[in-house]
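Visitor: I'd like a close look at one part of this molecule. Please keep it simple and take me through it step by step.

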Amino acid sequence: RHGPDVVLRPSVGAADAQKNIAQLKIAIARLNAAPKSGEWISGPVVGNIPAGVRSSIMPKSADTQQLVEDVVQRSLRPILGAQFTENEGERMIARAYNPRLDEATNADRLGRLQTSLQRALDAKKAAALYFEKNGTLEGYQGVRTITGDDIINDAGLSARGSPTSSGGWTDLGGGVRIREKR
């Protein structure tokens, strides 16, 4: 009999995962406040400044990006378990936060990631509670396995969730392209 990852027993790793998810709110708040404060956190100019220079002249921008990277890396291990890889984390960070995009876009992406991570954590908690009560997952009807791709897709951060345009055509992923009538 195998239960959910021991780190996600309701009393063990879930609190740390929840704290990490909550820290995304700090990054989202900074991004949302930037236009009003006149500070630049992200955007085409900011994102093209080398990281070493940016950390000196725009410390809040560099710190926000580092916060996102740290939170995603620390949150995914307890939620996804041992199968989580560094490569998955890097893909998720790249899709959730891009310092070359404007603050509103990054805030929206991080908000969707935060919601998706919370759903994944809740699913793991539900499985852990079921296992504690029943001593097995036999008969459990909820989600048993969550991957990095599941979180990316749920957050709308996959290629399909982020259409790209080229020459008037929009690539929706999966070989599907559309073009608006002119």
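Visitor: Which side chain meets that of Arg-30 in a salt bridge, and what is the N to O distance?

Guide: The partner is Asp-63, and the N to O distance is 2.7 Å. A salt bridge here is a side-chain nitrogen of Lys or Arg within 4 Å of a carboxyl oxygen of Asp or Glu. Arg-30 sits in helix α1 (residues 14–37) and Asp-63 in helix α3 (residues 59–80), so their bridge ties together parts that are 33 residues apart in sequence.

A word on the source. This is a predicted model, in which local features need pLDDT of at least 70 and side-chain atom pairs count only at pLDDT 80 or more, while totals for chains, interfaces and linings use all residues. Residues are numbered from 1 along each chain as its sequence is written, and side-chain values use heavy atoms, with hydrogens and water left out.

What counts as a helix? Helices (H or I, at least four residues) and strands (E, at least two) are DSSP runs, numbered from the N terminus.

Now ask how open the two partners are. Arg-30 has a relative accessible area of 22%, so it is partly exposed. Asp-63 is partly exposed too, at 38%. The cut-offs are these: buried is under 20% relative accessible area, exposed is over 50%, and partly exposed lies in between (1.4 Å probe, protein chains only).

Several α1 residues are buried, among them Ala-27, Ile-28 and Leu-31. In general, an α-helix has 3.6 residues a turn, so residues three or four places apart point the same way. Just after α1 comes Gly-38, with a positive phi of about 80°.

Glu-39 forms another salt bridge, with Lys-60, and the closest N and O atoms are 3.3 Å apart. This pair also links distant parts of the chain: Glu-39 is in the loop between α1 and α2 (51–57), Lys-60 is in helix α3, and they are 21 residues apart. Glu-39 is partly exposed at 33%. Lys-60 is partly exposed at 37%.

Next, what packs against α1? Helix α5 does, at an angle of about 165° with the axes 9 Å apart. That makes α1 roughly antiparallel to α5. Axes are lines fitted to C-alpha atoms, for helices over the stretch in contact, and angles run from 0 to 180 degrees between N-to-C directions. Angles under 35 degrees count as roughly parallel, over 145 as roughly antiparallel, 65 to 115 as roughly perpendicular and the rest as oblique. The crossing of α1 and α5 is left-handed. In a left-handed crossing, the near helix is turned anticlockwise from the far one by less than a right angle; clockwise makes it right-handed.

Asp-108 is partly exposed at 44%, and Arg-112 is partly exposed at 28%. By the salt bridge rule, the count comes to 3.
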